[in-house]
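The sequence and structure come next.

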Amino acid sequence: MSDRSLRGMRLGAQSMETEQGVEPAPRQEIEYRTEDGEIMRVMFSAEAEVPATWVSPTGKEGLRVDVDRPDAEPQKAVRSHWDMLLERRSTEDLEVILEDRLKLLRERRGEAA
């Protein structure tokens with residue numbers, strides 16, 4: 001008879017424990033507002049570092065209601081391949097290398113210098 005007591009039960013799929021005595025982790029609700037007035041409420045852990053801005057599901061960036069807008073982070077200048085090359089070699093060195101490579105290319109093609 002005991003074999004039939006678990007019939008139909010999805011073993012391992014559901015917990016047999018109750019929620020008695022279980023306390024959820026402490027949380028805090030933070031409110032964000034977008035430029036057009038949309039309000040978002042996001043739950044964070046009480047110990048979490050809460051960001052000053054949050055992107056809404058609609059893609060708009062919202063600012064935390066109780067703080068000022070944070071300072072923009074300085075943008076790092078984009079370096080091109082040419083900039084990095086000039087850090088390693090001077091323009092005169094590059095011109096010499098170019099002439100050498102052109103000379104080799106012309107010799108391979110059979111062109112007169």
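Lys60 is partly exposed, with a relative accessible area of 32%; the class covers values between buried (under 20%) and exposed (over 50%), with a 1.4 Å probe and protein chains only. The model is a predicted one, in which local features need pLDDT of at least 70 and side-chain atom pairs count only at pLDDT 80 or more, while totals for chains, interfaces and linings use all residues. Residues are numbered from 1 along each chain as its sequence is written, and side-chain values use heavy atoms, with hydrogens and water left out.

Lys60 has Glu38 as a salt-bridge partner, with 3.5 Å between the closest N and O atoms. A salt bridge here is a side-chain nitrogen of Lys or Arg within 4 Å of a carboxyl oxygen of Asp or Glu. Lys60 sits in the loop between β3 and β4 (61–64), and Glu38 in the loop between β1 (27–34) and β2, so the bridge ties together parts that are 22 residues apart in sequence. Glu38 is also partly exposed, at 24% relative accessibility.

The whole structure holds six salt bridges.

| Pair | N to O distance | Relative accessibility |
|---|---|---|
| Lys60 and Glu38 | 3.5 Å | Lys60 32%, Glu38 24% |
| Arg64 and Asp66 | 2.9 Å | Arg64 17%, Asp66 57% |
| Arg79 and Glu87 | 3.1 Å | Arg79 48%, Glu87 53% |

In the pair of Arg64 and Asp66, Arg64 counts as buried, whereas Asp66 counts as exposed. In the pair of Arg79 and Glu87, Arg79 is partly exposed and Glu87 is exposed. Salt bridges also link Glu31, Arg33 and Arg41 in a network.

The protein chain has two helices and four strands, where helices (H or I, at least four residues) and strands (E, at least two) are DSSP runs numbered from the N terminus. Read from the N terminus, the order is β-β-β-β-α-α. The chain has 113 residues, of which 12% count as buried.

Next come the aromatic side chains. A pair of aromatic rings is described by the distance of the centres and the angle of the planes. Rings of Phe, Tyr and Trp (its six-membered ring) pair if their centres lie within 6.5 Å; planes under 30 degrees apart count as stacked, over 60 as edge-to-face and the rest as tilted. In one of them, Phe44 and Trp54 have ring centres 5.4 Å apart and planes at 90 degrees, so the arrangement is edge-to-face. Phe44 belongs to strand β2 (residues 39–45) and Trp54 to strand β3 (residues 53–55), and the pair links distant parts of the chain, ten residues apart. Phe44 is buried at 13% relative accessibility, while Trp54, at 32%, is partly exposed. Together with Tyr32, Phe44 and Trp54 make up one aromatic cluster.

Glu92, Asp93, Glu95, Glu99 and Asp100 form a negative surface patch. Patches are made of residues with over 30% relative accessible area and no salt bridge, like charges being joined within 9 Å. Asp and Glu count as negative, and the charge is placed at CG of Asp or CD of Glu.

Technical notes. Patch = residues over 30% accessible without salt bridge, like charges linked within 9 Å, V, L, I, M, F, W, Y side chains within 5 Å. Areas by Shrake-Rupley, 256 points an atom, 1.4 Å probe, with all protein chains shown as cover.
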